[in-house]
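Subject: Handover of a structural model

Dear colleague,

Please find below the structure that I am handing over to you. My findings follow directly after it.

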Amino acid sequence: MANESVSVNDLFQSLFPQEPADTGAPDQDIQASTPARLGGAPTPYDDMIYKMATARGQDPNLIKAQIWAESRFNPHAVSPKNAQGLTQFIPDTYARFGRGDPFNPKNAIEAQLNYNEYLGNMFGG
């Protein structure tokens, strides 16, 4: 098999060709203000994800894929193990990587970025 490189965007598109979750946000042209189209179906959080991730040097498509996998873009999600919000951190982990309300999308995305940075430093990535 040839050594093929696959972008995060291509991987995201192939794994998650779903429609966005109903988050109660008004319908709008979300991508209009996003400089680079994020993979997958548009969500109310694309612009925020793009701006926050690129400001920290992280791939916004990875952040979007993580959020999709964790909560399907539901900022009110709570798991049976009490993982909370878009990024589904349990309270002890959120206390380490986040601040403020874990159900606030901006706070949750910031916590995910902090956690990814921590993992990158730990594993040299």
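The buried residues of H2 pack against H3 and H5, where contact means heavy atoms within 4.5 Å. In H2, these buried residues are Asp46, Asp47, Ile49, Tyr50, Met52 and Ala53; buried means under 20% relative accessible area, exposed over 50%, and partly exposed in between (1.4 Å probe, protein chains only). Helices are DSSP runs of H or I with at least four residues, strands are runs of E with at least two, and both are numbered from the N terminus.

Two remarks on provenance apply throughout. This is a predicted model, in which local features need pLDDT of at least 70 and side-chain atom pairs count only at pLDDT 80 or more, while totals for chains, interfaces and linings use all residues. Residues are numbered from 1 along each chain as its sequence is written, and side-chain values use heavy atoms, with hydrogens and water left out.

Overall composition

The protein contains 5 helices and 0 strands, and its elements run α-α-α-α-α from the N terminus on. Of its 125 residues, 40% are buried. Among contacts with a separation of 6 or more, 38% are between residues 24 or more positions apart. The accessible surface comes to about 7,400 Å², and carbon and sulfur atoms account for 52% of this surface (Shrake-Rupley method with a 1.4 Å probe; for residues, only the protein chains shown count as cover).

Helices H2 and H5

The axes of H2 (residues 46-55) and H5 come within 10 Å and cross at roughly 35°. Axes are lines fitted to C-alpha atoms, for helices over the stretch in contact, and angles run from 0 to 180 degrees between N-to-C directions. On the H2 side, Met48, Ile49, Met52 and Ala53 meet Pro105, Lys106, Ile109, Glu110 and Leu113 of H5. By class, this contact has 7 nonpolar, no polar and 2 charged residues; Ala, Val, Leu, Ile, Met, Phe, Trp, Tyr, Cys and Pro count as nonpolar, Asp, Glu, Lys and Arg as charged, and the others, Gly among them, as polar. Just after H2, glycine 57 takes a positive phi of about 75°.

Individual residues

Asparagine 116 is found in helix H5 (residues 105-123) and counts as buried at 13% relative accessibility. Its side chain makes a polar contact with the side chain of glutamine 58 at 3.4 Å. A polar contact is a pair of N or O atoms within 3.5 Å; within protein, one must be able to donate a hydrogen and the other to accept it, and residues adjacent in sequence count only if both atoms are side-chain atoms. Leaving aside neighbours within four places in sequence, asparagine 116 is in contact with Gln58, Leu62, Ile63 and Gln66.

Threonine 87 lies in the loop between helix H3 (60-71) and helix H4 (91-97). Threonine 87 is buried, with a relative accessible area of 4%, and its side chain reaches the backbone oxygen of alanine 108 at 3.3 Å. Apart from neighbours within four places in sequence, threonine 87 contacts Ile67, Glu70, Ala108, Ile109 and Gln112.

Alanine 83 is also found in the loop between H3 and H4 and is buried, at 8% relative accessible area.

Yours sincerely
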